[in-house]
Amino acid sequence: MSLRVLKKDIEFLVNDFIEDCVLYLELHPGKHDEEVRRIIFETIDFANDLFYRVNHFDKKSNVKEHFKAIKDDLQKGLDAFCDRLSGVLLVSCVLP
């Protein structure tokens, strides 16, 4: 996998998740706005950290393992953010 493809994957997946968050904010105005905004900002920080790791790596180390770890962290991190957003959705569906 090339660096360009990995960066595009990070950008696409993070932007897709942020769009989901914004859609929630538009469909449910006033409900849990602060929590969803916090999730958005944490997701942006997460993406920035991943981009930093992609751009700054030790060329003497095992490069394949380094980038595999980044891909794994991307998947696990976005799963965790999706779980948090789902938790907010469940709370807003249960509570009037």
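Modeller: Let's start with a term we will need: a nonpolar core is a set of buried Ala, Val, Leu, Ile, Met, Phe, Trp, Tyr and Cys residues joined through side-chain atoms within 4.5 Å. Buried means under 20% relative accessible area, exposed means over 50%, and partly exposed covers what lies in between, using a 1.4 Å probe and protein chains only. This is a predicted model, in which local features need pLDDT of at least 70 and side-chain atom pairs count only at pLDDT 80 or more, while totals for chains, interfaces and linings use all residues. Residues are numbered from 1 along each chain as its sequence is written, and side-chain values use heavy atoms, leaving out hydrogens and water.

Biologist: Thanks! Which helix has the highest confidence?

Modeller: Confidence here is pLDDT, the predictor's score for each residue from 0 to 100. The protein chain averages 89, and 92% of the residues score at least 70. Helices are DSSP runs of H or I with at least four residues, strands are runs of E with at least two, and both are numbered from the N terminus. Confidence is lowest in α3, at a mean of 87, while the highest value, 95, belongs to α2.

Biologist: Which element gives the most residues to the largest nonpolar core?

Modeller: That core has 22 residues, and those with the most contacts inside it are Ile10, Phe17, Cys21, Val36 and Ile70. The elements giving two or more residues to this core are α1 (3-27), α2 and α3. In soluble globular proteins, nonpolar side chains tend to be buried together. With eight residues, the element that gives the most to this core is α1.

Biologist: Is Cys21 buried or exposed?

Modeller: Contact means heavy atoms within 4.5 Å, and Cys21 touches Val36, Ile39, Ile40 and Leu85, not counting residues up to four places away in sequence. Cys82, by comparison, is partly exposed at 34% relative accessible area. Because its relative accessibility is 0%, Cys21 counts as buried.

Biologist: Which residues does Thr43 contact, leaving aside its neighbours within four places in sequence?

Modeller: Thr43 has its place in helix α2 (residues 33-55). With 0% relative accessibility, Thr43 counts as buried. Its contacts are Val14, Phe17, Ile18, Leu78 and Phe81.

Biologist: What is the C-alpha separation of Lys8 and Thr43?

Modeller: Lys8 has its place in helix α1 and counts as exposed, at 52% relative accessibility. Lys8 and Thr43 are 35 residues apart along the chain, and their C-alpha atoms are separated by 16 Å.

Biologist: How many aromatic pairs are there?

Modeller: Rings of Phe, Tyr and Trp (its six-membered ring) pair if their centres lie within 6.5 Å; planes under 30 degrees apart count as stacked, over 60 as edge-to-face and the rest as tilted. The total is three.

Biologist: On to charges. How many salt bridges are there?

Modeller: Side chains of opposite charge can pair when their charged atoms come close. A salt bridge is a side-chain nitrogen of Lys or Arg within 4 Å of a carboxyl oxygen of Asp or Glu. One of them joins Asp73 and Arg53, with the closest N and O atoms 2.7 Å apart. By this rule the count is five.

Biologist: Which residues are linked with Arg84 in a network of salt bridges?

Modeller: Arg84 pairs with Glu42, their closest N and O atoms being 2.3 Å apart, and with Glu35, at 3.3 Å. Glu35 lies in helix α2 and Arg84 in helix α3, so that pair ties together parts 49 residues apart in sequence. Arg84 is partly exposed, at 30% relative accessibility. The residues linked with Arg84 in the network are Glu35, Arg38 and Glu42.
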